[in-house]
Amino acid sequence: MAQRRPTEPKQSALSKPAAALTEAEAIRLAQAGNAAAFEFLYQLHGRCVYALCLRMVSNPADAEDLMQEAFLQLFRKIGTFRGESAFSTWLHRMTVNVVLMRLRKKSLPAASLEETTEPDEETGGPRKDIGAPDLKLSGAVDRVNLERAIGQLPPGYRTVFVLHDVQGYEHNEIAGIMDCSVGNSKSQLHKARTRLRELLQESARDQARNERQEAKAQTPNRD
C-alpha cells in the first residue's frame, strides 16, 4: 500500500485556485509572498475596509485612497500577523491607524481616547450603561442628515461610533482596534451619540426655519 506523503496538504493548498482558498490558507500563503493569495484577501476584505474609510472621512475619493494605503500597509506588515486576534480585527486596526494618521496630517480636531465620561454614581440609582443601544438614534432619521452629522463628529468620536453602531464591533474589540480601554470606548460612543443628537436637532431646526421662510415668501401680501 502506498504511503501518504506528508507534503500533500501543502501542495494541494498551493495548487488551489484563489477562489477556493480559505482565509487562513490565504493569510499563510500571502505571508510567504504569494500574490494571488494577497489578491484573495483584498477581494475578501476590500469592501468592508472601504466602507470603514468612507464612514470616517465622508469622501469617496479620500476613502478610496485610504483603502489602497491600508492594503499597502497590509502587504508590508502581513508577516507580523500572529493570529492573536481575528484577521478582520487586525486589518481594521491597521485601517483605523492609517485614517487617523491622515486626519492628523490635515490638522482636524481629534478627541482624546483617554477622556472619560463616567455615569453619576451619587444618585444611588442603577448604573447607566453608556455603551447600550441609543433608541433615539435607531429610529427613522433622514439618512442624508445622519451621514452629514457623522461627518461632523471629531475623528475619535466618529471612529468609535462607526465601529460600534455601523460595523457592529463590541467594545472589547474596539478597545483592541483603538488601543484604549473598554471604558474609554464606551465613553467615546456616549459622547458621539450625544453630539449626533445635537447636530440632528440643529439640522431639524434649520430645516423648519427654512420651510417657514419659504412659506412666508410664497404667501401673497394682502394690503
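In helix H2, which spans residues 23–31, the residues Glu-25, Ala-26, Ile-27, Leu-29 and Ala-30 are buried (under 20% relative accessible area, with a 1.4 Å probe and protein chains only). Just after H2, Gly-33 adopts a positive phi of about 95 degrees. The model is predicted, so that local features need pLDDT of at least 70 and side-chain atom pairs count only at pLDDT 80 or more, whereas totals for chains, interfaces and linings use all residues. Residues are numbered from 1 along each chain as its sequence is written, and side-chain values use heavy atoms, with hydrogens and water left out.

The protein has ten helices and zero strands, where helices are DSSP runs of H or I with at least four residues and strands are runs of E with at least two, numbered from the N terminus. Of its 223 residues, 36% count as buried. Among contacts (heavy atoms within 4.5 Å) between residues at least 6 apart in sequence, 65% join residues at least 24 apart.

Helix H8 (residues 155–166) packs against helix H10 (residues 182–218) at an angle of about 100 degrees, their axes lying 8 Å apart; axes are lines fitted to C-alpha atoms over the stretch in contact, and angles run from 0 to 180 degrees between N-to-C directions. H8 is therefore roughly perpendicular to H10, a term covering angles of 65 to 115 degrees. Gly-156, Tyr-157, Val-160, Phe-161, His-164 and Asp-165 in H8 meet residues in H10 including Gln-188, Leu-189, Arg-193 and Leu-196.

Technical notes: Angles under 35 degrees count as roughly parallel, over 145 as roughly antiparallel, 65 to 115 as roughly perpendicular and the rest as oblique. Buried means under 20% relative accessible area, exposed over 50%, partly exposed in between (1.4 Å probe, protein chains only).
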